Amino acid sequence: MKALFQKWPFHPAQAIFFVAGALCLTPVISSPIALVIGFTLASLGLVPHNLDIGALTKKLLAYAIIGLGFGIQLDAAISASSQNIGLILGSIVFTLLLGTALGRLLRVDAKLSHMIASGTAICGGSAIAAVAPAIKADSQDTAIALATVFVLNSIALFLFPALGHLLQLSQYHFGVWSAIAIHDTSSVVGAASAYGDEALRTATTLKLARALWIVPVALVSAMAFGGNRRKIAVPFFILFYCLAILLAHLVPQGQVLYDGIFALSKRVLVLCLFMIGAGITIGKMRQAGMRPMALGLLLWLIIGAGSLLYIVNFS
């Protein structure tokens, strides 16, 4: 199919890709479907090779998250964060320790298991990208850790809303659970958005509060592995997200505009999930390997089940 398209006078692959991307900005396409469409186009070789999917997705995701800040109430954000600070800190520390133990048990390289644990503990690919240079991880291990997280994120996007409805979780409880148990911010927001607006607001607030721990975890990681503390990537979009919440609180006269930005940001997020799907290939899934994938899966299942039991009984 790819060879046939190359003989045409124009580039149908690019046309199909951009049309699908445009449709993701409309209510016709949901978050999980966007991911599937992106993955399907990638599998068929219909993603333009001259497009840096990873870099573009990272920028769009940052803008979408900042925009979501305009739909978050400051009082609700402070309340949700303060009520769950113990759960956030406890889950991060427990995940990192458990990841180290399971990594040794499964005989996974120490740096690789630490990156997978960091991605599970904080915010998936962003945490791995911050920790990798700090511990001087090689590119192969970093790619494997990212591939492991991407695969599990894709599953979570479909699985969590279905489980939430099956267990009859409230919007609040689902938002807290998804923020704790799903790796990447994109999949957290995608799953929560599919569940409801209250779940979306709760999940976004808690996930970004969790993401703030990237810096201290990367610093500790650098010291533990004898790495470089100067090579730590700081996610500055979190600061702008907080400023968006503060602006909406201090200038309530712009509520109509804020509602529009919030709605647009949710659609841009769906586009981001489409592009994330377009970056996932069978090759990347195979690259993850059995032991790192087993580590990521076990870690994810334990954290997901444990956090759910805690949230339902104590939150």
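So, what share of the contacts with a separation of 6 or more in the protein chain comes from residues 24 or more positions apart? It's 82%, where contact means heavy atoms within 4.5 Å.

Quick housekeeping. This is a predicted model, so local features need pLDDT of at least 70 and side-chain atom pairs count only at pLDDT 80 or more, while totals for chains, interfaces and linings use all residues. Residues are numbered from 1 along each chain as its sequence is written, and side-chain values use heavy atoms, with hydrogens and water left out.

Okay, the overall picture. The protein chain has 17 helices and zero strands; these are DSSP runs numbered from the N terminus, H or I of at least four residues for helices and E of at least two for strands. Of the 315 residues, 51% are buried, meaning under 20% relative accessible area with a 1.4 Å probe, protein chains only.

Now to α10, residues 171-181. Nine of its 11 residues are buried, so α10 is largely enclosed by the rest of the structure. Those nine include H173, F174 and W177, and the buried set packs against α6, α9, α11, α12 and α17.

Let's take the α12 partner, residues 197-211. The two axes come within 7 Å and cross at roughly 30°; axes are lines fitted to C-alpha atoms over the stretch in contact, with angles from 0 to 180 degrees between N-to-C directions. The crossing is right-handed, that is, the near helix is turned clockwise from the far one by less than a right angle. On the α10 side you'll find Y172, F174 and I180, among others, meeting residues of α12 including A199, L206 and R210. By class, this contact has eight nonpolar, four polar and four charged residues. Here Ala, Val, Leu, Ile, Met, Phe, Trp, Tyr, Cys and Pro are nonpolar, Asp, Glu, Lys and Arg are charged, and the others, Gly among them, are polar.

Next up, α8, residues 125-134. That one is mostly covered too, with seven of 10 residues buried, among them G125, I128 and V131. They pack against α7, α9 and α13. Just after α8, have a look at K136, which takes a positive phi of about 60°.

Last one: N153, buried or exposed? N153 sits in α9, residues 139-166, and is buried, with a relative accessible area of 3%. Leaving aside neighbours within four places in sequence, N153 is in contact with I182, H183, D184 and S187.

Note on methods: Buried means under 20% relative accessible area, exposed over 50%, partly exposed in between (1.4 Å probe, protein chains only).
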